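Let's take a walk through this fold together. Have the sequence and the 3D view open, and follow along as we go.

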Amino acid sequence: MRLRKIKSVDKIIRLSLFTKIVLVTLCGLVISTVVVATVTISTGEKLYINTYNTSNQKIGDRIVDELKNLNYKAYNLMEEYGLSNNLKLYCTEYMPKAERFYKRYSLQNELFRINNNYGVPMFNIFVIGNNKNYYTDNYIGVTTTTKDKIMEMGFYKQYKQNPSNTYHYIISGFNGYASSQPSIVITKGLEEPINNTFFGDMFISITEENYSSLYKKYMVRGNDVIILSKTGQVLSSSMKKYIGEDREDILTMVKESIKSSKYIRTQFRQKPYLLTARYIQNMDFYLVILSDTSIVSKVFLKSKYYIILLSGIIALLTCSIILIITKKTTSRLTKLVDTMEVATEANFKQKVPIEGGYEVRKLSKAYNQMVLELESYIDKLMDEQEQRRAAELSALQMQINPHFMYNTLASIKYLAWQGDNKAVDEMINAFIALLQNTISKTDEMVTVEEEINNLKNYAKINSMRYGEKIQVSYYVDDKAFDILIPKLLLQPIVENAFFHAFSNKKNGDIKIFISLLNDVLTCEIIDNGDGINNKASNEKTSFKTYCKSIGLDNTKQRLKLVYNDKASLSIQSTPNIGTSVKIVIAC
């Protein structure tokens, strides 16, 4: 009845072979297309970003060349100023105010010539001598106050500790029209070449607007440039609001990028950016290029659409070809399946016609041969399975008596109430091991060693429940430990001894002997209890009650199913003397 029900449900929900192949093919094709397209898009995007980053590096190279060229001209200009004797005299000798103005103007012709040879129009020059005289190439709005303000600035003190080329950012410029604009300042001590002494301080200021023009011409959409001092101060940037700020966050990202020798992905202004940085040693600052990845991704977005469209077209063409080939291949096989299904719905004796292609004919012949063999095999198998199922079900039902489990748990509760934690722990461990071996472990066969361990746990639980009145001893041949026997073969016998052998006697012993001799395994359980009264059926422990209530009959059935005639079970008992149960197995 159940088989017919399953067949009816299967008939309703079943799909043809062609449909299944089509569904599997479509699913596989869709999945593979999606995976390939995703991988292609991901790889393409990474490649595009790497190419974009390479382009940024080339842009960085050009910007560095511009900045180095500017620095080179500033350095040469300072060197020429240092070689001017007139400038040296002006910066070191004391002179009245009128003479100082005259000297200053007389220097202009010589210094203007130097400026024309080495300088650039964006340079604003300011010189302070050791005698506090100052010189500038732009006198608009410049007074002695300008000189005093410069000497009070924090960077001036740092410069005086090491008069070498350094870059600094300041709030206002040095000269006239630049006084209200932020400026980049290049400092250098003017050194007398003969005795290597400094006779003045030279400053070249460049307005940030002029300085940023050096790299703005190389910038592209989505890119921003930051020139960062080694302390994290923004000297110049295309993002004007950050100029002059100390940005430790950017400095940290810059150091990470330089350490990894590649671009890094980061969050800046709540947007994802690619950051590329390099350290310009002779100018002692960092050049940072930030690229907005959202803008970069928009450029790549069109390529994504083309990849998806192309993947879809390829998948559609492939699917069409597969459907045509599959339909042609499975049509004959589908007819064979339908014929076989009709035959099996009636009985296994009905044959299928041998027709169709070579493969289908082969399948038909194989099916007919299989039916012939199944006809005799199934009848025999059903009988054996029913017997085996009944015996195993009965054995499993009798392996652990529910009352034993309830009593064991009650004993654990009692021990816990008494506070005997050690006894509780031992009893729980033994109970867990017993349950694992009898319920959790599904193997039909176990080794003698595992069976003995199971018996020990069982005996340990009973001893803790009832005290040490009944002692269990084990005498096992070492050669027998690895022999396989049916699981829980001995446990029902030991359980019988515990609960039935000592009804009158309150103390006693249970001895378990296992030996292996000439490939014959002998297992004998002997107790010195009450024995079995085979005469009176109303006695507590009659022979009939002993066998059926404890499951010895079931044990015999299991032995027969596993070993056929190669195993036997026998019982010998004497009232008031004891009982012996012996199992003999030919290995």
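Start with Glu-192 and Lys-88, which form a salt bridge with their closest N and O atoms 3.7 Å apart. Keep in mind that this is a predicted model. The two partners come from distant parts of the chain: Glu-192 sits in strand E4 (residues 183–192) and Lys-88 in helix H3 (residues 85–92), 104 residues apart. Is Glu-192 buried or exposed? With a relative accessibility of 7%, Glu-192 counts as buried, because the cut-off for that label is under 20%. Lys-88, at 26%, counts as partly exposed.

The model has twelve salt bridges in total. Another of them joins the side chains of Arg-278 and Asp-61, at 2.5 Å from N to O. Here Arg-278 belongs to strand E9 and Asp-61 to helix H2, so the contact ties together parts that are 217 residues apart in sequence. Both ends are partly exposed: Arg-278 has 25% relative accessibility, and Asp-61 has a relative accessible area of 36%.

Lys-217 itself is exposed, at 54% relative accessibility. Elsewhere, Glu-245, Arg-247 and Asp-249 are linked in a network of salt bridges.

While you have helix H2 (residues 17–82) in view, find Ile-31 in it. Ile-31 is exposed, with a relative accessible area of 53%. Together with Val-35 and Val-39, Ile-31 makes a nonpolar surface patch of about 270 Å².

Now turn to the sheet that Arg-278's strand, E9, belongs to. What order do its strands take? This open sheet of five strands runs E7-E6-E10-E9-E8, with antiparallel pairing. Strands E7 (234–237) and E8 (264–268) stand at the edges with a single partner strand each, so one side of each has no neighbour in the sheet. On average, neighbouring strands are turned by 35° against each other, direction ignored.

Two helices pack on this sheet. Helix H7 (residues 208–216) touches strand E6 (223–229), E7 and E10, and its direction makes about 60° with that of E7. Helix H8 (residues 248–260) touches E6, E8, E9 and E10, with its direction at about 70° to that of E9.

Zoom in on E9 (residues 271–280) and you'll see it pair with E10 (residues 285–292) in the antiparallel sense over eight bridges. E9 also pairs with E8, again antiparallel, over five bridges. Tyr-273 is a handy landmark for both pairings: it stands opposite Asp-292 in E10, and it is the bridge partner of Thr-266. E8 and E9 form a hairpin with two residues between them, and Arg-269 in the turn has a positive phi of about 55°.

Finally, look at the two faces of E8. In a regular strand, side chains alternate between the two faces of the sheet. In E8, the covered face carries Ile-264, Thr-266 and Phe-268, while Arg-265 and Gln-267 are on the uncovered one.

Note on methods
Residues numbered from 1 in each chain as written. Predicted model: local features only at pLDDT ≥ 70, side-chain atom pairs only at ≥ 80, totals over all residues. Heavy atoms only, no water. Pairing = 2+ DSSP bridges. Helix = DSSP H or I, 4+ residues; strand = E, 2+ residues; numbered from the N terminus. Axes fitted to C-alpha atoms, helices over the stretch in contact; angles between N-to-C directions. Contact = heavy atoms within 4.5 Å. Patch = residues over 30% accessible without salt bridge, like charges linked within 9 Å, V, L, I, M, F, W, Y side chains within 5 Å. Areas by Shrake-Rupley, 256 points an atom, 1.4 Å probe, with all protein chains shown as cover. Salt bridge = Lys/Arg side-chain N within 4 Å of Asp/Glu carboxyl O. Buried < 20%, exposed > 50% of the residue type's maximum accessible area, 1.4 Å probe, protein only.
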